[in-house]
Amino acid sequence: MSAAIFNRDSIAETYAKRHKETDPAIRAIHYLPTGAPPNEIRLVEVNEAITGTAGPEPIDFGVDSGTPNEHKLIVFDVTPEQWEEVREGTLPLPEGWTLEGSEEISGGRPRSRQ
């Protein structure tokens with residue numbers, strides 16, 4: 001039996017670091033592993049640059065297709081106001097997603113506020 005190459009937690013942190021470095025408007029990135037399939041990374045990105053009144057939609061990035069590291073990266077971009085609504089339970093996360101067990105993996109400046 002071969003050892004799994006895909007390390008979801010480590011790869012999620014790599015994506016968060018890369019996204020934060022390339023988009024200065026991202027205020028925070030939250031990793032939501034609870035309930036996700038083993039090959040799926042779910043990130044909520046709180047982004048100050050998002051405009052418009054449409055409800056947020058998750059974006060699915062299939063990564064490394066056809067390799068042992070094949071996985072999905074699903075990013076749910078929200079405004080800071082929408083993030084507060086998610087935390088209050090007034091704006092739903094995508095179906096099957098939960099804040100239970102989530103962790104902020106934004107890197108950079110430590111944030112004391114949860």
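This report describes the sheet, the nonpolar cores and the salt bridges of a predicted model.

Residues are numbered from 1 along each chain as its sequence is written, and side-chain values use heavy atoms, with hydrogens and water left out. Because the model is predicted, local features need pLDDT of at least 70 and side-chain atom pairs count only at pLDDT 80 or more, whereas totals for chains, interfaces and linings use all residues.

**Sheet and helix**

Helices (H or I, at least four residues) and strands (E, at least two) are DSSP runs numbered from the N terminus, and two strands pair if DSSP finds at least two bridges between them. Five strands make up an open sheet of mixed pairing, in the order 3-4-2-1-5. Strand 3 (58-63) and strand 5 (103-104) are at the edges with a single partner strand each, so one side of each has no neighbour in the sheet.

Strand 1 (residues 26-31) runs antiparallel to strand 2 (residues 40-47), to which five bridges join it; here His30 has Val44 as its bridge partner. Strand 1 is also antiparallel to strand 5, through two bridges, and Tyr31 stands opposite Glu103 there. Five of the six residues of strand 1 are buried, where buried means under 20% relative accessible area, exposed over 50% and partly exposed in between (1.4 Å probe, protein chains only).

Helix 1 (residues 8-22) lies across strand 1, strand 2, strand 3 and strand 4 (71-78), at about 170° to strand 1; axes are lines fitted to C-alpha atoms, for helices over the stretch in contact, and angles run from 0 to 180 degrees between N-to-C directions.

**Nonpolar cores**

A nonpolar core is a set of buried Ala, Val, Leu, Ile, Met, Phe, Trp, Tyr and Cys residues joined through side-chain atoms within 4.5 Å. The largest has 13 residues, and those with the most contacts inside it include Tyr15, Ile29 and Leu73. Helix 1, strand 1, strand 2 and strand 4 each give two or more residues to this core. Apart from it lies another core of twelve residues, among them Val44, Ile74, Trp83 and Trp97.

**Salt bridges**

The structure holds four salt bridges, each a side-chain nitrogen of Lys or Arg within 4 Å of a carboxyl oxygen of Asp or Glu. The table lists some of them.

| Pair | N to O distance |
|---|---|
| Lys17 and Glu21 | 3.1 Å |
| Glu48 and Arg27 | 2.8 Å |
| Glu40 and Arg42 | 2.6 Å |

Lys17 and Glu21 are both exposed, whereas Glu40 and Arg42 are both buried. Since Glu48 lies in the loop between strand 2 and strand 3 and Arg27 in strand 1, their pair ties together parts that are 21 residues apart in sequence.

Methods
Contact means heavy atoms within 4.5 Å.
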